[in-house]
Structures are given as C-alpha cells and as structure tokens.
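Dear colleague,

I am handing over the structure we spoke about, and I would be glad if you could look through it with the notes that follow. They begin with the terms you will need and then go through the findings.

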Amino acid sequence: MRKIIAITHVTLDGIVQSGGGPEEDPRGGFTQGGWQAPFRSADGFAAVVEIVSREFDLLLGRRTYEMFAAYSPYAGDNPVANAFNKAAKYVVTNSLDRFDWVNTHGLSGDAAEGIRRLKASDGPELHIWGSSELLQTLIAAQLVDEFRVWIYPLILGKGKRLFEDGVPPLGLTLLESRPTSKCVLLNTYRTVGPF
C-alpha cells in the first residue's frame, strides 16, 4: 500500500491559501497572497530539496496541477521542478481530459474512491502539495498517512484553512520538529486514527 503524504505550508492560524504569490488564489477576496516570501531561507529550501530527492509520485487537484504545469517544465535546472517533472502526476479532475505535462494521468469520478484505489496500487509514496480542496477530501476520507506541516510565524485571520470545519477528529503523533533560520517550524506528524 502506498503512503499519502500531505506537504503543507500554513500560518499559525491555519491559513494555507495563496502562500506562494499574490495572484495564486485570490478567491473569496483573499488579498494576502505571497505571505511565505519573507520567510524563505536556504535551510528551508534545502528541506524541500531533501523531500523531493526521494522517489515519489504527485497527487494534485486541477488548479495546483495547472499552476505547476505552467512552471515546472520550463524552470531550467531547478531540483524541485526536476523532481516534479520526473514524478508521475495524478490529477483529480472532472473537467480536464488532456494533459500536456509529461507522465500525467487524470483521475475522474469519485475522488476518494479513485485515490483509495491508487493508494492500494504498487508504487512510491504519493505527495500532495497545495491542492487545499482535494486535501479536505482526503482528510475527510481518512486517506492521509502523514502531514508535513510547515508552520509560519504569521497570523492572517482569513482564508482557506488546513483543517476546515467538518473534518473528522483525527489523532496524530509528532515524528519530527525543527525550525528554519527564519523561524518556520517544519513538523512531521503521522496519523494514528480517529480521535
């Protein structure tokens, strides 16, 4: 069985929306896009490179797929983009039927059921980066095995949250915690079942 690992950048108050840039996801009137930028550091980037240096496949929602596919194939010699280009990409979508990014496969229909079948197949672990709406589906279906939550010392007050109202209670155990030089906490949690 393949392990599903959610890799998430989050503010102290749980916001995951549009951390990478101002235009990434302004839905709902979100105006704080790009909040991660002041906290970028060499050791934070090294932690990302460490994650993508192992074999993995990507599990993505449609919007995150479109954003990554517009950047990664054209990024040049970038270790993260190179790893994403190499990985098999599984995109949960009922609206796309053509994928230009190499080694991309669509998953349509019931998302939880399709991912449950993918998880039961042979292959490397599945990483989900971003894809906050898909992540809510995975959390609700209790399909996430591990959360790598990068907590930024910042409160935004509004936006999409890592754990939205209505997710089932879930027990976690802390496997690792380490700070970056810019005070971002890199925490790894394993799920231990319903709480």
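Before the findings, a word on naming: helices, of at least four residues, and strands, of at least two, are DSSP runs numbered from the N terminus, and a lining residue is one with an atom within 4 Å of a point of the pocket. Please also keep in mind that this is a predicted model.

With those terms, the largest pocket can be described by the elements around it: strand E1 (4-11), helices H1 (42-52), H2 (62-71), H3 (79-86) and H5 (132-140), and strand E6 (146-152) each supply at least two residues of its lining. The largest share comes from H2, which gives 6 residues to this lining. The volume of the largest pocket is about 1,300 Å³, and of the 44 residues that line it, Gly 20, Glu 24, Gln 36, Met 67 and Phe 68 are the closest to its centre. Sorted by class, the lining of the largest pocket holds 19 nonpolar, 17 polar and 8 charged residues.

The second largest pocket has a volume of about 180 Å³. Its lining consists of Ala 47, Glu 50, Ile 51, Arg 54, Arg 148, Trp 150, Glu 176, Arg 178, Leu 186, Asn 187 and Thr 188, and the elements that give two or more residues to it are H1, E6, strand E7 (170-179) and strand E8 (185-194). By class, the residues lining the second largest pocket divide into 4 nonpolar, 2 polar and 5 charged.

Turning to the chain as a whole, the protein has 5 helices and 8 strands, which follow one another along the sequence in the pattern β-α-β-α-α-β-β-α-β-α-β-β-β. A compact globule of 195 residues would have a radius of gyration near 16 Å, and the chain agrees with this because its own value is 16 Å. Along its principal axes, the C-alpha trace spans about 45 × 40 × 35 Å. Buried residues make up 48% of the 195 residues, while the accessible surface of the chain comes to about 9,900 Å², with 54% of it belonging to carbon and sulfur atoms. Among contacts between residues at least 6 apart in sequence, 69% join residues at least 24 apart.

Two residues deserve a look for their backbone angles. Most residues other than glycine have a negative phi. Asn 103, however, has a positive phi, near 60 degrees; this residue lies in the loop between strand E3 (89-92) and strand E4 (104-107), and it counts as partly exposed because its relative accessibility is 34%. Cys 183, which is not a glycine either, has a positive phi of about 70 degrees. The place of Cys 183 is in the loop between E7 and E8, and with a relative accessibility of 54% Cys 183 counts as exposed.

Finally, where in the chain is Thr 137? Thr 137 is in helix H5, and its relative accessible area of 30% makes it partly exposed. Leaving aside residues up to four places away in sequence, Thr 137 touches Ala 111 and Ala 112. The C-alpha atoms of Thr 137 and Ala 83, which are 54 residues apart along the chain, are separated by 25 Å.

With best wishes

Key:
Residues are numbered from 1 along each chain as its sequence is written. This is a predicted model: local features need pLDDT of at least 70, side-chain atom pairs count only at pLDDT 80 or more; totals for chains, interfaces and linings use all residues. Side-chain values use heavy atoms; hydrogens and water are left out. On a 1 Å grid over the protein atoms alone, a cavity is a set of points where a 1.4 Å probe fits but cannot get out, and a pocket is an open set with protein on both sides within 12 Å along at least five of seven lines; lining residues have an atom within 4 Å of a point. Grid points are joined across faces, edges and corners, and a volume is the space filled by probe spheres set on the points. Ala, Val, Leu, Ile, Met, Phe, Trp, Tyr, Cys and Pro count as nonpolar, Asp, Glu, Lys and Arg as charged, and the others, Gly among them, as polar. The radius of gyration is taken over C-alpha atoms; the globule rule is 2.2 Å times the number of residues to the power 0.38. Buried means under 20% relative accessible area, exposed over 50%, partly exposed in between (1.4 Å probe, protein chains only). Contact means heavy atoms within 4.5 Å. Accessible areas come from the Shrake-Rupley method with a 1.4 Å probe; for residues, only the protein chains shown count as cover.
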